[in-house]
Amino acid sequence: MHPGFWLDFGGRVGPPIFAATLVACLLSGKFDPIHGVLMGVGILLIGLCHWNAHHRDS
């Protein structure tokens with residue numbers, strides 16, 4: 001089955017969003033609320049892609 005474009009796209013951009021935000025947060029030495037939002041979005045995209053790929057048909 002061919003994955004949907006937006007789910008595939010989200011799964012590919014989720015890890016870089018999370019990683020870049022985590023690095024920016026660690027390098028700046030402070031945690032702004034936007035860092036939490038961006039890390040949450042990254043985790044959400046990763047989880048959504050994983051669920052679609054591995055658990056949807058179960």
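Q: Which residues does His35 touch, leaving out those up to four places away in sequence?
A: A contact means heavy atoms within 4.5 Å. In this predicted model, His35 touches Thr21, Ala24, Cys25, Ser28 and Lys30, once residues up to four places away in sequence are set aside.

Q: Where is His35 found, and is His35 buried or exposed?
A: A residue counts as buried when its relative accessible area is under 20%. His35 has a relative accessible area of 10%, so it is buried. You will find His35 in helix α2, which runs over residues 33–54.

Q: How can I check the span of α2 against its number of residues?
A: Multiply 1.5 Å by one less than the number of residues. For the 22 residues of α2 this gives 32 Å, and the end C-alpha atoms are 32 Å apart, so the two agree.

Q: Which residues of α2 are buried?
A: Start with the general idea: an α-helix has 3.6 residues a turn, so residues three or four places apart point the same way. Now the case here: the buried residues of α2 are His35, Met39, Gly42 and Asn52. Looking down the axis of α2, you see these buried residues within an arc of 165 degrees, so they line one face of the helix.

Q: What do the buried residues of α2 pack against, and which residues are exposed on the other side?
A: The buried residues of α2 pack against α1, residues 5–28. Pro33 and Leu44, on the other side of α2, are exposed.

Q: How many helices and strands does the protein chain have?
A: Count them in the picture: there are two helices and zero strands. The radius of gyration is 13 Å, well over the 10 Å that the globule rule gives for 58 residues, so the protein chain is more spread out than a compact globule. Along its principal axes, the C-alpha trace spans about 45 × 20 × 15 Å.

Q: How many disulfides does the structure hold?
A: To find a disulfide, look for a pair of cysteine sulfur atoms within 2.5 Å. This structure holds zero disulfides. Cys25, one of the residues that His35 touches, is buried, with a relative accessible area of 11%. Cys49 has a relative accessible area of 24%, so it is partly exposed.

Conventions. Residues are numbered from 1 along each chain as its sequence is written. This is a predicted model: local features need pLDDT of at least 70, side-chain atom pairs count only at pLDDT 80 or more; totals for chains, interfaces and linings use all residues. Side-chain values use heavy atoms; hydrogens and water are left out. Helices (H or I, at least four residues) and strands (E, at least two) are DSSP runs, numbered from the N terminus. Buried means under 20% relative accessible area, exposed over 50%, partly exposed in between (1.4 Å probe, protein chains only). The arc is that of the directions from the helix axis to the C-beta atoms. The radius of gyration is taken over C-alpha atoms; the globule rule is 2.2 Å times the number of residues to the power 0.38.
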